Amino acid sequence: MVFSAIVVTSALKGAIGLVGTSLWLVPLLIAGLSYYHYDQLDPESRPIDRYPLDGVYDFVVIGGGSAGAVVASRLTEIPQWKVLLLEAGPDENEITDVPSLAAYLQLTKLDWKYKTEPTGKACLGMKGGRCNWPRGKVLGGSSVLNYMLYVRGNRHDYDYWESLGNPGWGYDQALYYFKKSEDNRNPYLRNSPYHGTGGLLTVQMLDCQSVFETGQVEKQFAHGYERPRYQNSHKSNNDEGCGVEFVRDGKKQFVRARKEVILSAGAINSAQILMLSGIGPKEHLQEVGIPLVKDLRVGDNMQDHVGMGGLTFLVDKPVAIVQDRFQAAPMTMQYVANGKGPMTTLGGVEGYAFVNTIYANESGTYPDIQFHMAPASINSDAGVQVRKVLGITDEIYDTVYRPIANKDAWTIMPLLLRPRSRGSVRLRNSNPFQAPIIDANYFDHPLDIATLVEGAKIAMQVSEARAFKQFGSRVHRVKLPGCSHLQFASDDYWECHIRHISMTIYHPVGTAKMGPAWDPEAVVDPRLRVYGIQGLRVIDASIMPTISSGNTNAPVIMIAEKGSDMIKLDWGAYSSANSPVEQNYAYQESNQYDHYDRYTRNVG
């Protein structure tokens, strides 16, 4: 079992937001931030919202989230390149910088407010049997809504990608780009061969403390504009390449890219934009009346880290995060004036662990469950916000959590690191402003639910540790409606609980799979170029062949760093002699299948 303290990253904001904060505190915070001229302390420059746009750019980047912002920033390091970054949402504001207010950003204009389709196998305790899937609609993307956890995944993840026929994506190169992106502020890691300094992503330990850990935040990102549709049919007399059609201020606009369009809209919206542009499964595009440009398996292979929410442990001492305990005014001013205090907590999560179940690889080096641990639970804000962002039914909240509202509690949220089930993204119709159909397909593979049940049992064992017993910790034993006929803490009960409070951990990936030409599921090649479409790449979480073993934000930034170097190399910004991206590309096609077979036998 591996436990880790939490580190924070410059571009990340807490996700589920278990920290209790009264809504009336928000205007107080805004007033305080304005008084202290907080915007002048922000290291970012304001985005340039240019009117009118130029007709032609060297590169057009679609999506100003974790990947797109990195790509745009890195491409502008070449002085002669002209780059346009398009983003559907607004700029961040003073509130988005406050870690503890993350839950209050969900279901707002900064969130696409997506929901999964009901399947009857998961999300049974959510309204309509549908899980909320928050996705950032803001400069910074979903990093604005997340838990601020810096997790790279397991080295086997990347070696496996390479074994699938993706040369240059093994652990050694992934590590190079993790280090390149990182500005690690932890003194004890200054000389570590596994960490870097001077990158654009600040990473540091938490510096405020509760029973577990707490923290402070810095941030940094490039910025941009509006919601697009890729087109490759527009050519000028100068052969100025492909372009992007989008709507801005209610008017349709079109810009061309002399060199490339880079799609970085995330696993949901990148798949949606590709299909709207005629790039996707032939049969599906015919159904929605979109002319086919290229038949590719766009929208398939979707994976997410599904977790078990709602496992609650009560304690006798006032050591947890409870909404009614905090005095809003002094807490707010402590944050505004000094950047410290309870408002710097990372949406409640203050520790995580990686554990091996009975289904994990025998080597012990490839855990299959991750724990998120928080000094709060669904009851801690008395039903103000957390129940809403999770979409929990009134029956479940009123039966299980309302009786312990505002009581000291903590939680462990087990999540499935490498799901075997695969979901999909599809269009509802040809209207680009309609939300896509998201079928998470949780627990389609029986080993997924079995593995999470084992994770729940290990979580119960962890809760029995002396470190928690000193506070009088004990599990809250009120059964969920729908599971009351089962023996509490039995395997069947945990399965029922997991199927009712099935939580996305906000990590959808894989809908534009990277793979070699011989892989029928591949959408992009190992250089992230869309098969059969000149001048178009995808650089974001959607290219992952398999999901990384942990929170996906750091791997997405790594992908963007590597993808940016690929673009620079391909367009002559530097030679292969001094480019780390070219290492390990001497890959023999004749042994790809053999390499894959040997790797899967070794690590499972």
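Me: How far apart do the end C-alpha atoms of residues 136-159 lie?
Reply: This is a predicted model. In an unreviewed entry, UniProt lists residues 136-159 for "domain: Glucose-methanol-choline oxidoreductase N-terminal". The span is 21% helix and 0% strand. Its end C-alpha atoms are separated by 30 Å.

Me: Is valine 138 buried or exposed?
Reply: The UniProt annotation "binding site", from an unreviewed entry, covers Val138. The residue sits in the loop between strand 6 and helix 4 (155-163). Leaving out residues up to four places away in sequence, valine 138 touches Gly64, Glu87, Gly89, Pro90, Asp91, Glu92, Leu110 and Val144. The cut-off for buried is under 20% relative accessible area, and valine 138 has 0% relative accessibility, so it counts as buried.

Me: Which residues does leucine 124 touch, not counting those up to four places away in sequence?
Reply: Leucine 124 is placed in the loop between strand 5 (114-115) and strand 6 (132-133). Because its relative accessibility is 34%, leucine 124 counts as partly exposed. Its C-alpha atom is 6.1 Å from that of arginine 499, which is 375 residues away along the chain. With residues up to four places away in sequence set aside, the contacts of leucine 124 are Arg499 and His500.

Me: At roughly what angle do the axes of helix 3 and helix 14 cross?
Reply: Two packed helices are described by the angle between their axes and the distance between the axes. For helix 3 (residues 66-75) and helix 14 (residues 553-570), the axes come within 8 Å. Their crossing is right-handed. The angle is roughly 35 degrees.

Me: How do the residues of the contact of helix 3 with helix 14 divide into nonpolar, polar and charged?
Reply: Helix 3 contributes Ser66, Ala67, Val70, Val71, Arg74 and Leu75 to the contact. From helix 14 come Asn553, Val556, Ile557, Ala560, Glu561, Ser564, Ile567 and Lys568. By class, the residues of this contact are 8 nonpolar, 3 polar and 3 charged.

Me: What share of the accessible surface of the protein chain belongs to carbon and sulfur atoms?
Reply: The protein chain has 15 helices and 23 strands, and buried residues make up 62% of its 604 residues. The accessible surface comes to about 22,800 Å². The share belonging to carbon and sulfur atoms is 49%.

Me: Among contacts between residues at least 6 apart in sequence, what percentage join residues at least 24 apart?
Reply: The count covers contacts in the protein chain, with heavy atoms within 4.5 Å. Of those between residues at least 6 apart in sequence, the part joining residues at least 24 apart is 73%.

Note on methods: Residues are numbered from 1 along each chain as its sequence is written. This is a predicted model: local features need pLDDT of at least 70, side-chain atom pairs count only at pLDDT 80 or more; totals for chains, interfaces and linings use all residues. Side-chain values use heavy atoms; hydrogens and water are left out. Axes are lines fitted to C-alpha atoms, for helices over the stretch in contact, and angles run from 0 to 180 degrees between N-to-C directions. Helices (H or I, at least four residues) and strands (E, at least two) are DSSP runs, numbered from the N terminus. A crossing is left-handed if the near helix is turned anticlockwise from the far one by less than a right angle, and right-handed if clockwise. Ala, Val, Leu, Ile, Met, Phe, Trp, Tyr, Cys and Pro count as nonpolar, Asp, Glu, Lys and Arg as charged, and the others, Gly among them, as polar. Buried means under 20% relative accessible area, exposed over 50%, partly exposed in between (1.4 Å probe, protein chains only). Accessible areas come from the Shrake-Rupley method with a 1.4 Å probe; for residues, only the protein chains shown count as cover. UniProt positions are given in the numbering used here, feature names are shortened, and annotations may be inferred rather than shown by experiment.
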